[in-house]
Amino acid sequence: MSQLIVSDLTKTVGDKTLFKQINFTITSGDRIGLIGVNGTGKSTLLSIIAGDLYADEGTFDHPNDYRIVHLPQDPVLDPGLSVLQTVFAGDSPLIRLNREYENALKELSDSPDSPQAQERFAALQNRMDAEGGWDLNARAKMILSKLGLPDTDALAGTLSGGQQKRAALAHVLLEPADLLLLDEPTNHLDVTSIEWLQDYLRQLGSSLLFITHDRYFLDAVSTHIYELADRTLYSHRGSYSDFLEAKALRTEQAVATRDKDRNRYRNELKWIRRGAKARSTKQKARIGRFEELSEKVKKEHEQDPLDLSLMTSRLGKKVLEGERVTKRYGGRTVIDDFSFLLQGGDRIAVIGPNGAGKSTLMNILSGHTVPDSGELLKGETVRIAHFTQHLPEMDEGQRIIEYVTEASNDIARRDGARYSAVQMLEQFLFPSNVHGTLIGKLSGGERKRLYLLRLLIEQPNVLLLDEPTNDLDLETLSVLEGFIDTFPGVVVTISHDRFFLDRTSRKLWILDGSGLVKQEIGIYSDYLEKAGAPQIAASEKSARQKSDESVPEKPKKKKMTLGEKEEWEEIAGKIEEAEQAIMEAEEELAGAGSDYGRVSELSARLDEINTEYERLIERWSYLEDLAGGS
């Protein structure tokens, strides 16, 4: 079992320390998803492990023959090589043999009468037979086909950026390696290719350390999650769902504790205001606890997150309407006779294979591309923000805060409150200590996040998002999803991120590549399931009907029974005992650290105590009312 052991790794870029003395071990078969906010050093860490960058400190321990293969976020290919030559550009013996064979085949094709070419080709054929080269050759062409690159003779210099990334991915997947380092491998892949890649990586014998924004992919592939945060690397065993569950356990407990504090505060306030009869011996201690709780709730309220429900420009009844829109490039029809109507609140996902014309359709909506025929009707109040795949040029000498305040430093919220540029930056995960940073020092993902923020604070009422998830970290995607939840205007999205589309869209525009655009109601995953499997009979679907029957109210008691009087005399002591048990359980939970088994056990116990506490408070309130009516 081969291992890579990394010890005390530290890297500083400029005046920013990305990570400090981090330690981790990658063992054969590990498939590790690396997550963290943009700018925390994820791509830098992969480049250091690959040997493309130097660390300030740290040691690497692995066997002498340990092979590491790296797919960078923006690979650079030799423009003069064909796609197949690019795939066979490695240095392993079988790859070298396949490269020589393909070169000999081309030479024979160019000079079929050359004895030297014939002899060389025959010799390499024999070697391919003897050394098992045909399997690798077939696998290379299969990978290229699955990644949407069937033209293996096309020169790398003629490929689009997305096609170059796919060719580089094919090269990496073919290379024999102990450890694969993949930086955003799903970028520019359609859903079919992503699902194939998931299965391929799960069956691969190599260890894997990868960065991705695709949460479905991350969950399907990972056996471990590494999180970069606060210059530290946190390791979690299990899939992304397991990681979220473990992380959420403590977060939810913190939120639950806060909510319990507020509920207790309200009940205590009620208790204090009513005079708390029959509790005189402990009244001072109880008032003291109430004051402590009041101060705690006040501080928690001050720390509540901002509500990103921004004011948008008024949107009239008429938004965008297309009448028989058609667009051609050369002899190919990209959009054919497409009619549509966008209305306020629409959430539309534009889907289809790569090259089907999704971005062309988005450019027509934004007005950047004029259709060859048909008409686009735009409402007078429409203000469009178009987030494109490729960022516009940004002044690298400008500071973050200057870039945002150019758009606005007084952003209105729908409830009448105002945001400053500083508050908006913090909401978009730019802490106050980086607001003076030059744009030129930001990572690609941080620039995308900044540009997205700039678009949103200009208060559009129509959002056109073309691959917004590429290179954005998961926390930023969560912020964006939350914004879309409260956005009253129209959102049209192109993305290969299935989770993001499921989360944000309820209508589909489906492009088939021939120019046809089909419209459907529903979410993306349901469409994929329907397209990939027979319709499930209605009789086999689970019923989701809810009963409308109301529960009759219990008649209120007018007078206490003897048993209720005895209960009334004892309940105050029981409430105080429950409060003491809650405090003790919370202290134990705080000391449990990252022992998630212990955390789970204590959380369950705390839930039971809190449930009993709430029952006692409700019962006390009921008895209090009876006592007042007696």
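**Exercise 1. Helix H7 and its partner**

Find the residues of helix H7 that are buried, then work out how H7 packs against H5.

*Step 1.* Helices (H or I, at least four residues) and strands (E, at least two) are DSSP runs, numbered from the N terminus. Buried means under 20% relative accessible area, exposed means over 50%, and partly exposed is in between, with a 1.4 Å probe and protein chains only.

*Step 2.* Keep the ground rules in mind. This is a predicted model, where local features need pLDDT of at least 70, side-chain atom pairs count only at pLDDT 80 or more, and totals for chains, interfaces and linings use all residues. Residues are numbered from 1 along each chain as its sequence is written, and side-chain values use heavy atoms, with hydrogens and water left out.

*Step 3.* Go along H7. The buried ones are Val-191, Ser-193, Ile-194, Trp-196, Leu-197, Gln-198, Tyr-200 and Leu-201.

*Step 4.* Check the length. H7 (residues 191-203) has 13 residues and covers 19 Å from first to last C-alpha, close to the expected 18 Å; the expected span is 1.5 Å times one less than the number of residues.

*Step 5.* Get the geometry. H5 (residues 133-146) and H7 pack at about 140°, and their axes are 9 Å apart. Axes here are lines fitted to C-alpha atoms, for helices over the stretch in contact, and angles run from 0 to 180 degrees between N-to-C directions.

*Step 6.* Classify the pair. Under 35 degrees is roughly parallel, over 145 roughly antiparallel, 65 to 115 roughly perpendicular, and the rest oblique. H5 and H7 are therefore oblique to each other.

*Step 7.* List who meets whom, taking contact as heavy atoms within 4.5 Å. On the H5 side there are Arg-139, Met-142, Ile-143 and Lys-146, and they meet Ser-193, Trp-196 and Tyr-200 in H7.

**Exercise 2. Helix H3 and its cover**

Which residues of H3 are buried, and what covers them?

*Step 1.* Start with the span. H3 (residues 93-110) has 18 residues, which should span 26 Å, and its end C-alpha atoms are 26 Å apart, so the two agree.

*Step 2.* Pick out the buried residues: Ile-95, Leu-97, Asn-98, Tyr-101, Glu-102, Ala-104 and Leu-108.

*Step 3.* Look for the cover. It includes helix H2 (83-87), helix H4 (115-131), H5 and helix H6 (161-174).

**Exercise 3. Strand S1 between its partners**

Trace how S1 pairs with S2 and with S4.

*Step 1.* Take S2. S1 (residues 3-13) pairs with S2 in the antiparallel sense over eight bridges, and Val-6 stands opposite Phe-24 in S2.

*Step 2.* Inspect the turn. Two residues sit between the strands of the S1 and S2 hairpin, and Gly-14 takes a positive phi near 65° there.

*Step 3.* Switch to S4 (residues 57-61). Four bridges join S4 to S1, again antiparallel, with Ser-7 opposite Thr-59 in S4.

*Step 4.* Keep one rule handy while you view it: in a regular strand the side chains alternate between the two faces of the sheet.

**Exercise 4. A three-stranded sheet**

What is the strand order of the open sheet that holds S10?

*Step 1.* The order is S11-S10-S13, with antiparallel pairing. S11 (332-342) and S13 (373-378) are the edge strands, each pairing on one side only.

*Step 2.* Neighbouring strands of this sheet are turned by 20° against each other on average, direction ignored.

*Step 3.* Zoom in on one pair. S10 (residues 320-329) and S11 share seven bridges in the antiparallel sense, and Tyr-329 stands opposite Arg-332 in S11.

Definitions and conventions:
Pairing = 2+ DSSP bridges.
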